[in-house]
Structures are given as C-alpha cells and as structure tokens.
Amino acid sequence: MNSNSPSTSAGGPGSADSTAPRRNSKRPKYSRFTQQELPACKPILTPKWVVEIIDRYETDCVPLDSRNDKVGFIQSPQDKTCHRNLTVPKRMKRPIYVYYQLDNFYQNHRRYVKSRSDQQLRNPGDEGDTSACEPEDTAHGMPIVPCGLIAWSLFNDTYNFTRNDQLVTINKTGISWKSDRDHKFGKNVYPRNFQNNTLVGGAHLVANKSLSEQEDLIVWMRTAALPTFRKLYGKIEVDLQAGDVINVELQNNYNTYSFDGKKKLVLSTTSWLGGKNDFLGIAYLVVGGLCFFLSLVFTIIYLVKPRKLGDPSYLSWNRNPGGH
Amino acid sequence: MTRGRIRAKIRRSSLYTFSCYRPHPSEEEGPHDIQGPGYSRLVYCNQPHLHEQKPLKYCTNYISTTKYNIITFLPKAIFEQFRRVANLYFLLAAILSLTDVSPFSPVSMIAPLAFVVGLSMAKEALEDWRRFIQDMKVNLRKASVHKGNGVFGNRPWMKIRVGDVVKVEKDQFFPADLLLLSSSYEDGICYVETMNLDGETNLKVKRALEVTLPLENDATFKNFNATIRCEDPNPNLYTFIGNLEYDCMVYPLDPGQILLRDSKLRNTAYVYGIVIFTGHDSKVMQNSTKSPSKRSRIEMQMDKIIYILFSLLVFISFISSIGFIVKTKNDMPNWWYLRPPDEHNLFNPKKPEVSGFYHLITALMLYGYLIPISLYVSIEVVKVLQALFMNRDIHMYDEETGTPAEARTSNLNEELGQVDTILSDKTGTLTCNQMDFLKCSIAGSAYGTRASDVELAAAKQMAMDMDGQSKNSTPLSWQKSGIAFGQSEIELETVVTSTDKLERKPAIKGFSFEDSRLMNGNWLKEPNADVILLFFRILSICHTAIPEINEETGDLTYEAESPDESSFLVAAKEFGFEFCKRTQSTIGVRERYPSYQQPSEREYKVLNLLDFTSKRKRMSVIVRDETGQILLLCKGADSIIFDRLSKNGRMYEEATTKHLNEYGEAGLRTLALAYKKLELAEYSAWSEEFSKAKTSIGGDRDAMLERVSDMMERDLILVGATAVEDKLQKGVPQCIDKLAQAGLKIWVLTGDKMETAINIGFSCSLLRQGMKQICIAATNEATLDQDPEKSVKENILMQITNGSQMIKLEKDPHAAFALIIDGKTLTFALEDDMKHQFLNLAVDCASVICCRVSPKQKALVTRLVKEGTGKTTLAIGDGANDVGMIQEADIGVGISGCEGMQAVMASDFAIAQFRFLERLLVVHGHWCYKRIAQMICYFFYKNIAFGLTIFYFEAFAAFSGQSVYVDWYMLLFNVVLTSLPVISLGVFEQDVDSEVCLQFPALYQQGPKNLFFDWSRIIGWMVNGLYTSLIIFFLNIIIFYDQAFRSGGQTADMTAVGTAMFTCIIWAVNCQIALTMSHFTWIQHLFVWGSVTTWYVFLVFYGELSSTLDENAFKILTEVLAPAPIYWITTLLVTIVCNLPYLAHISFQRSFNPMDHHVIQEIKYYKRDIEDRHMWKRERSKARQETKIGFTARVDAKIRLLKGRLQKKYSLMSAPSVISQQT
C-alpha cells in the first residue's frame, strides 16, 4: 500500500480566485469539498519490499596490527577513519534510513536510565538541577549541560557516503520525535561544560547549537529497551539503484571494544509497517494456521461425535448414578 | 395490678404438687460455708455507694461487644491490617521506596497501599460502629431502680450498680443478675423465661427467701439493709452459692433465688431484686465468648497461594540478584558508559556482594506485582457489595416483621457456598413454639380432616407423576397408569378433597381442627357421644393452666406451662367446654350444649394433681364432680398410657394405635388420654398413703411419691388420643427439603426433651416413617459398680458400635438412618476417647438430632463436627443459648425478628426466617463461592502475567532493576486498569440464574466439592498466567527490539516498547476476563471495555501531561504509537495468542466434559425447558434422587408405600373392570 499525499498543494487556484474582483456573483464558491479535491489517500496495492543493508564493521575497522588490543586502539588518539563498500542488492527508494546498531550495550541499565536531568534539558534556568546525573553532574564545580551518563556517552561514530565519487548527502534533521524537539529539549538551552572532565565519554556537541537542534543527542537520549538496538543516524534522500556501490567513510570513534559490542551500519527502507519485520508476518501465519487447525478439529468433533447442546444426559447425576 | 391480685389468691404451691413437697432448703440446711478463693464477692444491698471504691468496686453494667474504641481504633486497626503478610510486605516496600534502592518512585508504592489499607480500615470502622449502636441500644434500656427513701425511678441499664434494688415488671428483661427479694405473688415466686440463656421455652419458677417476702412495696426499701457474700463471677448458669446476712441472721442462697440477666419476667406483675453481678460479670456475659474472627476456607487457601507467590517472588529475586552479581562483577567493569565504580555501592563491581544485597531488596520490590496488592481490597469491596445484594434481596425480606436479611460480616460470603453440615436450633428456629390442635382419635374413630403437609404433597406428586407417564408412554402403560392414578385418587381422596377447603374462618391460635362431626355440638350425634364427652372433659380439666380474662373483650386466655396444654384448652373451648375458673381446689368448666341456650357451669373439686415430669411422661388429676363421682383423668405419652390400661379399657386400643401411628408419621405430637372411675374407699386409702409420702422426710421421698402415684395410675380406660402440630415456622419443611436435595446434612440440636425433638424431626421431615432410628441414651440406673461413670461410658460406646454395625450391614439402598442422642449421653460421647466413634456414626446417618443439650454442648458438638469432618459447618439459631454454637461454627446464622438479639449479635448472617436459609445458601452462597473463586484465580493469573514480564525484562537489562514500564502504568494496573472488571465478575457473575439454582439444588454441590478452587484449577490459571507473560513479552520484544516500527524510520525506545507491551497486557487480561464471565450485563461490558478504553484515555492524558511528570512518555500514544500500524497489529496478535489456549480449553471442556451448569445454561439458552417441560421436571427429580431426608424423600417413601399397596390390589382386581369404571 502506498499513500500519496494529495497533489493539490496549499495556495492552488482557489486562493488566486479569492483575490480576483467579484464580477460574477453566480460563480460557485471554491471549496475543496465542492470541487471534490479533499485530501485523500489512494491506496494502491503494490508489493513493496523493505531493502536492508547491514554492515558490521567494529572489527574490520581496526587496523590489523591493533586487533590484539582493540581497546587500546580505540582509546588512542590516532586517526580512526575507515572505508567500507556497500553494494545495493535491490533498488532502494528514498527515503533510505541510515542506522547504527550497537550490541551488548545496556542503555536500559538502571544506573544509566536514571542518569539524566529532564529539567535541565528543557529549561535554561534549571541547569543546576543535576542531582540525578551523578557521577557526570558537574565538572570544575560547574554543572554540565546536558548532564548525566546518557548524554556523556553519546555515540560518536560518523558516516559519510559517496556513490560513484559523488557525495550522498545524509539529512540529519527530522530523525528525532517532533515532541522531543519542541518540548523536551529547550530551544534556548545550549551545551555548557560538556565533555570537559578528565574522562571524555562520547561525542562532543556543537557549542552554539541549541539542544533542540542537536538531533543525534535527542535520538540517543531515547534509551533503548534492549542491549541490542538501532538508532537513526540520518536519511538519504536519493534513490539507490541495484548494483550501486556505496563507499562509506566512517570515523570509528566509539568504544564498544571494552565490552565486546558489535557495531553495525544499517541502511534500510521502510514500508507502512516500518522496517524489515518478517517475524510479524510469520507469527500471523502461524496463529492463523493454528486457529484454522483448531476450528477444523472442532468441526470434525462436531461432525463425528456431536454433543447435543443442552443434552441432559451430560448432567452429573445422569452420568454417575450413585452420587451427585 | 388487679390481675396480679386475683392470681395471687391462688397459692401456686398447692397446685404444683411435686415442687411444693420439696422442703424449703433454709429449714434443713444451715448457711453455706463460704470461704476461700472463688467466694470473695461481697455485696452491700441497697447501699450501692459502698461499691464505688476498691476493693468493692465491681465492673459497671455497661456492656460492650465492639472490637475497638476511639482511642484504640487507629493502632489496633492498623495492627490488624498489617497482620496480613501481604500488607506487611507492601508496607516495607513503601518504606524502602523512599531510599535509593527503590526501582520506583515513592508515590507509586505508597499511594496504592494507603488506598488499600484505608479502605479496609474504613470498612472495619463502619462494622464496629454498627456494633456500638447495638450495644448502646441495650445499655440505654431503662430499668426502675431504688433511688433512696423508698422512691424508685428509671435509670438506664448501664448506670445500674451492684447493690442497687431493682424493680422489674412483667415481660421486662432483667438488667443484671439479681437476687429475688419478693414478687407480686404472696409467696414470693415468679416465673422466668430463660429462652435467651438456654433456649428452653417453658417457664421456670424462682422463689424468694421467706425472710425477704415482707419487702413487697416500694416504701419498704427505705431502711432495707443486708449483705450478700457469694461466689465470684463465673459462667456457670445453673449454680450459685451465697449467703444473705439480714437482720443478724445468715440465710443460704441457691440458684432458685437468682434472676439472670437477659432472662425475662413472665406471668408475674413485678419483682424486686438486688443487683449482684453487673455487666460483664453477669453469668450471660461470662458465658459469651469473644466472637472469633472467622475466615473462609477460600481465603485460607488463598493465603497459601500468596505464600507460594511469595516464594516465587523471593526465588526470582534471588535469581535476579545472582544474575546481577555476576553481571556486575564480571561485565560491569567493562561498561565504561556506566562509569564504574559507584560510590553508593548500588552498582559497584568492586563490592558485588553489597550491591547484590541492595539489589535483592530492589528486586523484591520490583517483582512485587506478583503479589496482588489490590487482591485483599478488591475481595473486600466485592464482599461488601455481595453482602449489599443479600441485604437487598427481596426474597429474603420478611414482610411480617419487616426485617431484611443482614450479612453482618461480609468475610464469609463464599463460605456459604461450601456448607456441608447445618446445625440447627429447634425452638424459634424450626418451630414457632406454638401448638395447634389438629386431629384427635376418640373411641377408635379418627376426627380432624385437615391434611398435614406431607399428605398433600404426596398426593400432588403422585398425580403429577401419573400425568407425566400417561403423556409419554404407550397405550398399554397408559392404561396401567390410568388404573394406578385412579387407585391413588381413591387412596388419597380424603386428602385431596380437604385441600379445597383451605379458605376458612379466621384462624384461632392453637386450633386448626376441622371436622363437622365434632364441631358445633354435632358430636352428640356421634355413636360414642359419652366417650367424646369424657374426652372433652379430660381436655378441659387435666392441666395446670390458669385462665386469664381479657378485661376489654371478656375473652379467656390461658397461661399454661407448655404450649400443648394451652392448645388443648383452646380446643376444649371450641368444642364447647370452656375452662373458666380455677381456685385453690376447684376447676370451673362452662359447658355448652347445643340443646341449651345458656352454658351451664360445672365445678370440679381437684383432689390431687400428679405432676408431669419428663420421667413420668404423664400427668393426672383426681377430681370429684358435682355428682360426687371421683375420677382420675390422665394424659400422657401413648406408650406409657397403653401400659397402664385395664383389661376392659383396651377397647379402642387397636384403632387408636393405628391412628397414633398415622399422626406420628405426619409429624404430629401425640398424647393419649385415659380415665378411671374411683370408689371413695379406694381413693381415701390411697390418699392417706399419698399424704404420708408427701410429708415424709428423707432422700427417698421422691421415689416414694412416685411409687404411690404409680399405684394410682393403673387400670386406666383409654378414651382417645390427641394430635397436636408443633407449628413449624413458615416454609421450614420445604427449606429443609431443598437443603437436603442440595446435599447438606442437617443436625438439630435442641434443649427440648427427646420426644419433642423426635416429633419435630418428623414434622420437618428430618425423620420419616421407615427410617431406622438409632437412639442413644445413657442408662440411668446407678449400677453397683465402683465406677458408675465408666460403666455408663462402656454402655454408650456399645450402643455407638452397635449403631455403626447396623449401618454397615444394611443393604437396602433406600434405607436411611437417624441418630438421636440426648444431652447427658452427649457429655460422654463428646469426650476425647469416644468422640470419633460418635462422629463416624453420626456422619453415616442421614439426620442427627441431639436433645437436651446445653448451650456449651451445642458449641462442643459444632466443634466436633467442624474439626472432625474438616468440612464447613453452619449453625443457625435464634436465642442466646445458640450463641456458642453460632460462634463456633464456620458460619453462624442468627434468626432476627424474634425477641432477643444475642444470637443475631453473635452471628455472621442474620435472616428473619429459617426458610430464607435456602436462598442464602443455594443462591447467594453458590454464586458467591463461584464468584470469589473465579475472581481469586483470575487475580493470580493477571498478576503473574504482568509481574513475570518485569522479570523477563530484567534478564535483558543486566538485572539492574530497571522496569520497562513507566511507574504510573504499574501503579494503575491493579488499582484502576484491571480492578473494575474483576470486581464486576465478583459481584455480578451468575452461572445460572437464581430460579435455576433453586430448582437444581444439586448444583450447590459444586461448592462443597470445591470444584472451582481446587489446586488443579489454581495451577491451571497460574500456568495460563505464565504462558500469557511469555507471549506478551517475547512477541513484543521480537517485533520491536531493533527494527523501525514506523514508516518514518524511527526505532522503538524503551518507553514505546513498554507501552506497547502494557497495551497487550491490558487487552489480554481484559479479554480473558470477558471469556471467563458467563453473565454479561451492560455493567460487565462497561467495565471490561471501559477498562481498555481507560487505558487509552489515560495514555492520551498522561502523554499530554507528562512533560512535567515523566519525559519519556510524552505524547507516547498520540505521536509515537497510535500512528504506527504495527502497534495495533501487534496488540491484536498478542491478544489472540494469549487467549487462544483458554478458549480451546473451555471449548474442549464444553464439548467433551460439560459441567452441570454448562448443560443447564444450554438448556435455558435453547429454551429446551419450555419445549419439553417433562425433561426439566425429570431432571429436577433426578438431581435429588439420592436424598434421604426432607419432604421429598418422605413423599417418595410414601409413594413407594402406596405403590406397593396398589400393586397388591391390582393383582387382585381384574383390569378391564377398573378401566371401565374409570372411563
């Protein structure tokens, strides 16, 4: 199913007419209803496959000589640029979503989940509200904005895509929930004192960009339910053709090596159901089959050995004489 | 007052022959030797001010049965609340939620607990308040007390002090235990009704000491002073030892002078008494035990389940903690993003044991949702509502007294559905203690055409059976049945015709006789008119009653010792022999013959009166009539009279015996009447001997008297027999019948004597003809053994063993046994070494009647049954003597509406009439049992389904104690989102409607058999919960964990997953309850679907509000989940998968192994009962075929008998001739 937005955009012919001089009063008034131009979705039942490219890179992006000490490598200041080539197996229609997937990363750990200050994120006046953020609450006696372990451990691998030596732009806006941007992360709250401590966790934030614009952070702050999770990195807004080879230049900065976490880069299209979700279909088929089977059993029972409904011979006193 | 004076002229002492022979104790014995512990009470009469200080300050007359008072309520009630393990656990959790350990916010732990405990306490407070109001009603009753200088004034009961002189007037209750000083009768006797104490309805005579007799009016108390030394307060009702020091003399006191609180002054205008024991010191209050708090079987089983869940909770908490320790120790150092180590030691890999310990506490709180916190409070709410419905049941409302049923404690509603044995009091419960003269047999012919209920019903039932057969069967059998029908009609002709005449003139109390042959003087035309005349004379002369003239109407009423006697007198009056006058030595009878206009009054001189005792079982008067003829008139138990008939007095014996048997079978109380004519010489010789015996002094006087009277009561001539109906309460036989069909055993425990009890057994169908009676009685002969007690015991044991043997050897399937045992025997039978044999015998008998039992024994029997059989017992009674039994039984039911509130106050349920018990048990009990059972099972199911998902999530969150759900969801889960459907299940569920419950009492057996709360069912539900939790968790996780769930590419965060999962839970458990319910009204629909809707409404609101409450759930539904089709699809999938196994299970159960209520539901649904009424009736009769007692069983037995007779007749007759007659 495909839902297309109506072709008429705002400010169509109607608005032009309303400004015209009123010469003919019999002229029908324009409304979308009378002109039968109400916005509609036109379901066209076309099969749509979700195409997914998954690239696991956490080992491959460590130089061969450092593979014995991956943690040392990731913590060293050396250049961590890494190149990957991805082949598009099938045509991918835009938008193509770019995800990073981490594994064995406990974003749902209680210590981690609680380590944030929602007040501070929303309201510049509340920047001192860091009690929940321990141990990442203050640095040099000043409160950290945004404080807490979640923000501090912000994912900091970056990806750049090129196709045929042409840069494929990644749109990093609109990857977070609108309500988060509008209500939870203040438009006038700016990062302060962030990653200023002795230990640097993850990514730095752009100092002069308000938190509500730092969508990577907003996405990251929505903690995942399970230790394996995907988060949206950005959107590619061009179609990719089958056979296209996409060159990824990635900065392999994030330390998943201490806890043997996998890192994956995922490019995926979506359908109306979201991403690739075979399980749901299989589950429906199985349950449907089961229901069918049960109904078959009952039909057979009914045909072979029917019990007359309301048959008094099934009453307990008729079945075992000699007691109730 | 005038009446009092008139009556005082008769010295009762000369009337009560035996009692007056007893010499006054004070003449023979000296004062009691009162010393030592237990006899320290000192009462200064008429000087209550001396009792204001210690040590003579005794407790006040204020009584209180409340559990709390204003000050103690809070601590005590809170203590009560937290005695429940689950509540204690939640209290600890609430306290800990204030610390860092808690996985939840404090408010989400404290709010539900406060709600739950507050609600329960409010209920306690309300119940206690009601008790207080009832106490105050008693405490504020007014009594007339001497206020000094010979002036009496009213004072509330609670203000009465020890030493006060109290004046009690007729039909008032005694406010405390009193010493009788004087009464309106010259000889200082008074009549007391002790119904509230021991349930005995006959009046007891109390007699004041001679010395205090002069204190007979108010003024004499001006200067009255005396001292009483007596025993300390004790619960023994029948003993009292004390001395009265008065005028420098010491007089001994015995129980004969003591008037006990809660007994009632009868037939005496007023008495004066001194207060000896007040309030809780009084014997009644000492007798009352603290009402034990009762808990139902289901609740006790529920506790076990809660313990199981606790163990599960602790178990998974340990697993979590171990998992946590392992993870923290091994993995956490590598989780740099958590910045280990933790200074607070909550997540410190360097000290994993300490963190592990903290985590254990966290886990115990986190998985607390396994224990349904709202279970108790939901059950309480449900029970209160159930109780409300019982109270409001219009079918349990007594129009006459205007009392509805009252569930006084709502704890036991479901226990009503599991009753196995009913222990019932007799007087006031089964019977209304009123006798109706119904039939008589005079000179060998039976009079009285009114049929007893049993005869009527047998006729009806047979007619119905024949009718049913003739419709369905082949012509041949139709002919047969036609014959049978005709025959039965002949047999029962008298019965059937008499039903037409039910419309009668206004009923006369005590007289239901109907036979035109005797009424209106028609007896004169009967062949044996002279015998009939004699019969009427015996009725009007041979008694000890006193006539009383109603001054307004001039009618006579009779004050008799027993209700039978007054019914005889009423009957005699109706026949035209009105007993109108009694003097010291004469009896006046106004005789009315139809031939004369004016009644003629005859006077009979009473020469002697030989009293009725339970041992003699007869009474006689010797009178001289106006012609000088001396007559002995005697009435008594038939067996005794028949033994004493002279050779020529046996003319009517055979016919009378036959009639007596018929009467007995009909449940009537029978007495035989006889007379003999005495020659003057014969009489004077005897009289001399009698007075010699009378005046003799010594222990054998009684025996001598008996022997002498025995000599006289011989060679009697039988006149006839009377049949009196001990009027049963309305609907009692039908109710007992239904209860018997429901498989309940009924024991009658009564203070009455054995014969009375047996008669009642017959009339209320607990006994029937053809039932084998096993009577166990102690042999009274004091044998010469050294140890008489031992020999008595051996004897009883032998009787019990014989009885058991008899039952074992019985082969007839229809045979039924009845056990009748008296109080004295019971004392032995209840001893430890014998009680099990006794119980085993009793359990094998269809009905058990215990007579002459004391209140204490009633309680003991109840305990024996309760503990011995391990089944649920229900005790029902109306008087204070039943209180012990009511409290001891699993369920106590009090009959309200009659006088005396003690039984009701001690009871758990109060109903106005015995017959309401049927509805209370068979309808309400049945429903409540099923409701509560289903409700508890469902509760466990839903909490397991929910609680375990939290646990599974832990395994994916490094056991860190994080919950996937938002605190508020969890808070609302039990309290709001799933509570109303389950409450509606608990309050409104009906498997079949009340009418069907009553028609198929056999359905009740599902309760005592515990079909709905046995372990297999409970475990089944738990497994279902486990399954549901697995499905909900894993399906959601697999669907949501990594892939984008929206076309916009967003992936689900923890809140989204949690909310989706929670939505699935809400749907699954609500659909589950919808599947469980079988009775859907708009209320259930509203609650079930309303709960689901509430969840979405809540999500919308919470999503809007929560930018301040909780960041993550902000706009969770409107922005994140609702636009995602996968969210809805998943909900649908999970709900179906969760409920599929249950659906399959109930479908299979219904198709292969339907339970009774399933089939009846179907019959009702397809209206088969309307299509085929015979099937419905047939099933109804089949459902009860096994009952051995009750009305139906009796009717069946009667039908068997009649059919047997018919068979015989049929074989003699030639069939065609009968058919032609019929057509």
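**Entry 1: sheets of chain B**

I began with β22(B), which pairs with strand β23 (residues 618-624) of chain B in the antiparallel sense over five bridges; two strands count as paired if DSSP finds at least two bridges between them. Strands here are DSSP runs of E of at least two residues, helices are runs of H or I of at least four residues, and both are numbered from the N terminus. In this pairing B:Leu609 stands opposite B:Val621 in β23(B).

The model is predicted: local features need pLDDT of at least 70 and side-chain atom pairs count only at pLDDT 80 or more, whereas totals for chains, interfaces and linings use all residues. I note also that residues are numbered from 1 along each chain as its sequence is written, that chains are lettered from A and ligands numbered from 1 in the order in which they are written, and that side-chain values use heavy atoms, with hydrogens and water left out.

I then looked up the other pairing of β22(B). Strand β21 (residues 586-591) of chain B and β22 (residues 600-610) pair in the antiparallel sense over six bridges. Here B:Glu591 faces B:Ser600 in β22(B) as its opposite residue.

Next I traced an open sheet of four strands in chain B, with the order β1-β8-β9-β10 and antiparallel pairing. Its edges are β1 (41-45) and β10 (249-253), each with a single partner strand, so one side of each is left without a neighbour in the sheet. From one strand to the next the twist averages 20°. Within this sheet, β8 (residues 226-230) and β9 (residues 242-246) of chain B form an antiparallel pair over four bridges, and B:Ile228 has B:Leu244 in β9(B) as its bridge partner.

I found a further open sheet in chain B, of six strands in the order β3-β2-β4-β13-β5-β11, again with antiparallel pairing. The edge strands are β3 (151-156) and β11 (258-259); each has a single partner strand, so one side of each is left without a neighbour in the sheet. I followed the pairing of β2 (residues 142-148) with β3(B), which is antiparallel over six bridges. B:Ala143 stands opposite B:Arg155 in β3(B).

Axes are lines fitted to C-alpha atoms, for helices over the stretch in contact, and angles run from 0 to 180 degrees between N-to-C directions.
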